[in-house]
Amino acid sequence: HRQMFISLHETKNLFEETIGYCKLRDPQSGRNDTWIEGLVIENELQSKGGENEFHTGSQFLEEIIKHAFSTPTHDGRARTKINAAVIKDIPNWERACGVFEKCGFRNLGIFEDQVDVHGEMKDVEVFELKRSVWEERR
């Protein structure tokens, strides 16, 4: 039986309205990679921002990345890598992939038939961001 350690992170605007949330799933013992799961940005805030500015999604993801690399896992280990997967063919999946790439994640490719969505198996596009890459970008 595998125990999972998941924390929920929510970001609010100046009016205390939720703009987005996600879950971070900490690694099992002996590993140092954390998974971002369920990254959600409120619909009305998606694709907001000027041409040369970070969009809300990018700003939110950068905040999550900073938090993940600045805090230890549930048992005190430093995170060395953050993983994420985007389910293909769900609404806005292409934009989600773009946000991860814009924030420095490396695209590892497409993993076929990984997730059951309403009885249909879907592919996922998988991404990773190593701590060393994140530190170079800062």
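This is a predicted model: local features need pLDDT of at least 70, side-chain atom pairs count only at pLDDT 80 or more; totals for chains, interfaces and linings use all residues.
**View 1. Contact between helices α1 and α2.** Two packed helices are described by the angle between their axes and the distance between the axes. For α1 and α2 the angle is about 50 degrees and the axes lie 9 Å apart.

**View 2. The buried face of helix α2.** Helix α2 covers residues 93-102, and its buried residues are Trp93, Cys97, Val99 and Phe100. Viewed down the axis of α2, these buried residues fall within an arc of 160 degrees, so they line one face of the helix. They pack against four elements: α1 (56-70) and the strands β3 (33-41), β4 (81-87) and β6 (120-130). After α2 comes Gly104, which has a positive phi, near 100 degrees.

**View 3. Strand β6 and its pairing with β4.** β4 and β6 are antiparallel and are paired over seven bridges. In this pairing, Ile87 stands opposite Val124 in β6. Both strands also receive the buried residues of α2.

**View 4. The β5-β6 hairpin.** Strand β5 (residues 106-117) runs antiparallel to β6, and eight bridges join them. Ile110 stands opposite Glu125 in β6. The two strands form a hairpin with two residues between them. His118 lies in the turn and has a positive phi of about 55 degrees.

View 5. Lys122 is located in strand β6. Is this lysine buried or exposed? Lys122 counts as buried because its relative accessibility is 12%, and the cut-off for buried is under 20%. Apart from neighbours within four places in sequence, Lys122 is in contact with Ile87, Lys88 and Asp89, and also with Asp113, Gln114, Val115 and Val117. One of these contacts, Ile87, is the residue that stands opposite Val124 in β6.

Technical notes: Residues are numbered from 1 along each chain as its sequence is written. Side-chain values use heavy atoms; hydrogens and water are left out. Buried means under 20% relative accessible area, exposed over 50%, partly exposed in between (1.4 Å probe, protein chains only). The arc is that of the directions from the helix axis to the C-beta atoms. Contact means heavy atoms within 4.5 Å. Two strands pair if DSSP finds at least two bridges between them. Axes are lines fitted to C-alpha atoms, for helices over the stretch in contact, and angles run from 0 to 180 degrees between N-to-C directions.
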